[in-house]
Amino acid sequence: MTGTVTVTEQGITLASPGVEPLVLSLDGRYVWSFSPGRDGVPARGGTFVAWPDQLRRFLRGTAVVRVSDVPGTRVLLEDEVTLGGASGRRIGVVDPQGLPLAIDKVGHLCRAFSATEDAVRDEILAGTRRALDDLAEGCGVRAYLNYGALLGAVRDGAMIAHDSDTDVCYLSEASSPAELILESYRIERTLRGRGWNVLRMSGGDVKLLLPLSDGRQCHIDVFVAFRIAGTFYQLGNRSGRLPESAILPLSTITLHGHAFPAPADPEAMLAFVYGAGWRVPDPSFRYADPVAGVRRLDGWLRGYRTDMGRWTEFYRSPDARRISQSGSAFARWAHQQVRSTGAIADLGCGNGRDAVYFAKRGRPVVAYEFSRAARGTARRRIASKGHGIDVRLLMLGELRSVLLAGAELARTRHHLYARQLLGCLDAPARANLWLMSRMALRHGGSLLLEFSAETGEQNPGPAPGPAGLVRRLDVDAVRREIEAAGGVIAREELAEGVDMLGEPDPLVCRMRVLWPRPTPSNPRRTG
């Protein structure tokens, strides 16, 4: 610690923070960049910047903490610091294989290019070139390097040290969201046919998962770009004015000696993406996209994926191991409520514990989950128990995903089961859950809910765990939402329970909800 910078378990206090972005390293490795004016709050002694949640679990031990400006010429702090009272060990921000991690520009914990060996970097570049060739030759679209990879190529002819993946875009000729989505799915099928492992992110972008020789996977993001009503849109979330002459005809640019297709005017593209100051390095940069454009892209192509990254980080952290492997008390309650051997759809199945519980009791089960990391955990657990449960993607913030799941479940009679799911959802996602329930329960069946509760008379206090990802809901407000959506609450109980991590919860609400099938009215007879 120095007189100008103090480091604690909670974060960093800067007596004279200035306005420029700062870089923090531990034992000489880049870990995080922040902007005190944007990320900090006034505090005694200066400006306080909290540690990112993703880093907190690593911060036990000793390390040389260095805080400097981006070029590294102005050093605010370089001192050995002990955090968490664990002086006998070095702090290591690393993955399970021991590979160093850093916070990227969108807040994810990942492997930065500064910690990537040259041979592995060349694998990433070769894979990116292969992706661009497959998009052009196999899919017939005009694809180009973009975002951080393009920025690094223009600035230095090299990868940006704090970046972690590569991004490519293709310019679509489609003129409506429906046509864009159909084209994107056609591209996905073609890329799968060419050997790619493809992860769909929305109606207009996919990730290509490139396995590397160091044991990890690099993500190559493939984003659609298009023009509607004179506005240029480019996932993720960019929108505004950019003439077609800035993109076509494609040019060529060099990155670490590899040639890539690029926009016709790379500098115009970078100004569109990063703003007029794109030439000045800023590893703490955050996008400031037009709100109207983001809403249109979300409505047309994306849906809302609030907290997806944070759930991925949680399921990859040691905290996820605190979740019990046994069936929950609510699963036992639900099994008693619907005593028949009717099928169960486990919504937000997490690690699969309750899906396995129901399968053991002879019920057909299908499981749905938002987080890719959780789906992987659930599939491994289910397979280890010898059950053939299908684990599917469900994003309740995305109407397309909701309608698909609702149509699938409407074919046969199911009970819908959702433990601690409701408190993870915002109001639009809850509305989509009620819509899906109305669709899925057309043959009868129940929606079985448990959530951490509060009432007008009783506020139990702290939110349940995981902190920041699950919140308490007012029981009356939930009841009003259900009834407004046509649901009928057949049973409601308030009791003590436990949260997702098994910690005592002084107040949980359990509900069994029915959606009676509407009775069509007879047309009035005349004559």
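These legends go with close-up views of a predicted model.

**View 1. A four-stranded open sheet, strand by strand.** Reading across, the order is β4-β3-β7-β8, and the strands pair antiparallel. On average, neighbouring strands here are turned by 25° against each other, ignoring direction.

**View 2. Zooming in on β3 and β7 from that sheet.** Strand β3 covers residues 22-26 and β7 covers residues 61-69; five bridges join them in the antiparallel sense. To find your bearings, look for Ser 25, which sits opposite Arg 66 in β7. If you are following side chains along a strand, remember that in a regular strand they alternate between the two faces of the sheet.

**View 3. A parallel pair, β21 and β22.** Here β21 (residues 365-369) lines up with β22 (residues 390-393) through four bridges. Tyr 368 faces Arg 392 of β22 across the pair. To get from β21 to β22 the chain runs through helix α11 (residues 372-384), making a right-handed β-α-β crossover.

**View 4. The largest cavity and its lining.** Rolling a probe the size of a water molecule over the atoms shows where empty space is left. In this model the count is one cavity of 30 Å³ or more, and the largest cavity holds about 30 Å³ of space. Around it you'll find Tyr 170, Ser 184, Ile 187, Arg 200, Gly 204, Asp 205, Val 206 and Val 222. Helix α5 (177-193) and strand β14 (205-211) each contribute at least two residues to this lining. Sorted by class, the lining has four nonpolar, two polar and two charged residues.

Key
Residues are numbered from 1 along each chain as its sequence is written. This is a predicted model: local features need pLDDT of at least 70, side-chain atom pairs count only at pLDDT 80 or more; totals for chains, interfaces and linings use all residues. Side-chain values use heavy atoms; hydrogens and water are left out. Two strands pair if DSSP finds at least two bridges between them. A crossover is right-handed if, with the strands pointing away from the viewer, the path from the first strand over the helix to the second runs clockwise. On a 1 Å grid over the protein atoms alone, a cavity is a set of points where a 1.4 Å probe fits but cannot get out, and a pocket is an open set with protein on both sides within 12 Å along at least five of seven lines; lining residues have an atom within 4 Å of a point. Grid points are joined across faces, edges and corners, and a volume is the space filled by probe spheres set on the points. Ala, Val, Leu, Ile, Met, Phe, Trp, Tyr, Cys and Pro count as nonpolar, Asp, Glu, Lys and Arg as charged, and the others, Gly among them, as polar. Axes are lines fitted to C-alpha atoms, for helices over the stretch in contact, and angles run from 0 to 180 degrees between N-to-C directions.
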